[in-house]
Amino acid sequence: MALEHADVLRAAHLARLGLTDDEAAHYQADLGRILEMVDRLQALDTEGIAPLAHPLDTTQRLRADEVTESDQRDRFQRSAPAVEQGLYLVPRVVE
């Protein structure tokens, strides 16, 4: 896919980026190489290849789901400006 100078300027405008003509020419060349690489990747035969969630075959070690802290609700609510029936009262922000 050929990328025109106007395409780069339009993309920069949509992204709210201010580019000079020299910068746009530089990005035009870079983006053109990226699009060429994508075209080469799309030409590869991927039939029968399962998609990967991650390129490495690893698993995530998870910690045990256990309570590690004591209940300090009463202590925290004593320092709160306003509490009612165990709930923190805050100013209304949506009318």
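Me: What radius of gyration does the protein have, and what would a compact globule of 95 residues have?
Reply: This is a predicted model, in which local features need pLDDT of at least 70, side-chain atom pairs count only at pLDDT 80 or more, and totals for chains, interfaces and linings use all residues. Residues are numbered from 1 along each chain as its sequence is written, and side-chain values use heavy atoms, without hydrogens and water. The radius is taken over C-alpha atoms, and the globule rule is 2.2 Å times the number of residues to the power 0.38. A compact globule of 95 residues would come out near 12 Å, but the protein has 28 Å.

Me: Which order do the elements of the protein run in from the N terminus?
Reply: Helices (H or I, at least four residues) and strands (E, at least two) are DSSP runs, numbered from the N terminus. The protein holds three helices and two strands. Their order is α-α-α-β-β.

Me: How are H1 and H2 oriented to each other?
Reply: Axes are lines fitted to C-alpha atoms, for helices over the stretch in contact, and angles run from 0 to 180 degrees between N-to-C directions. The axes of H1 (residues 5-14) and H2 (residues 21-42) come within 9 Å and cross at roughly 105 degrees. Angles under 35 degrees count as roughly parallel, over 145 as roughly antiparallel, 65 to 115 as roughly perpendicular and the rest as oblique. H1 is therefore roughly perpendicular to H2.

Me: Which residues of H1 make the contact with H2?
Reply: Contact means heavy atoms within 4.5 Å. On the H2 side the contact is made by Asp 21, Ala 24, Ala 25, Tyr 27, Gln 28 and Leu 31. On the H1 side, the residues are His 5, Val 8 and Leu 9.

Me: Is Gln 77 buried or exposed?
Reply: Gln 77 lies in helix H3 and is in contact with Val 83, Gly 86, Leu 87 and Tyr 88, leaving aside neighbours within four places in sequence. Relative accessible area under 20% means buried, over 50% exposed, and in between partly exposed (1.4 Å probe, protein chains only). Because its relative accessibility is 12%, Gln 77 counts as buried.

Me: What does Ala 82 count as at 27% relative accessibility?
Reply: Ala 82 sits in the loop between helix H3 (73-78) and strand S1 (83-84). Apart from neighbours within four places in sequence, Ala 82 is in contact with Leu 87, Tyr 88 and Leu 89. At 27%, Ala 82 counts as partly exposed.

Me: What share of the 95 residues in the protein is buried?
Reply: The C-alpha trace spans about 65 × 45 × 25 Å along its principal axes. Buried residues make up 7%.
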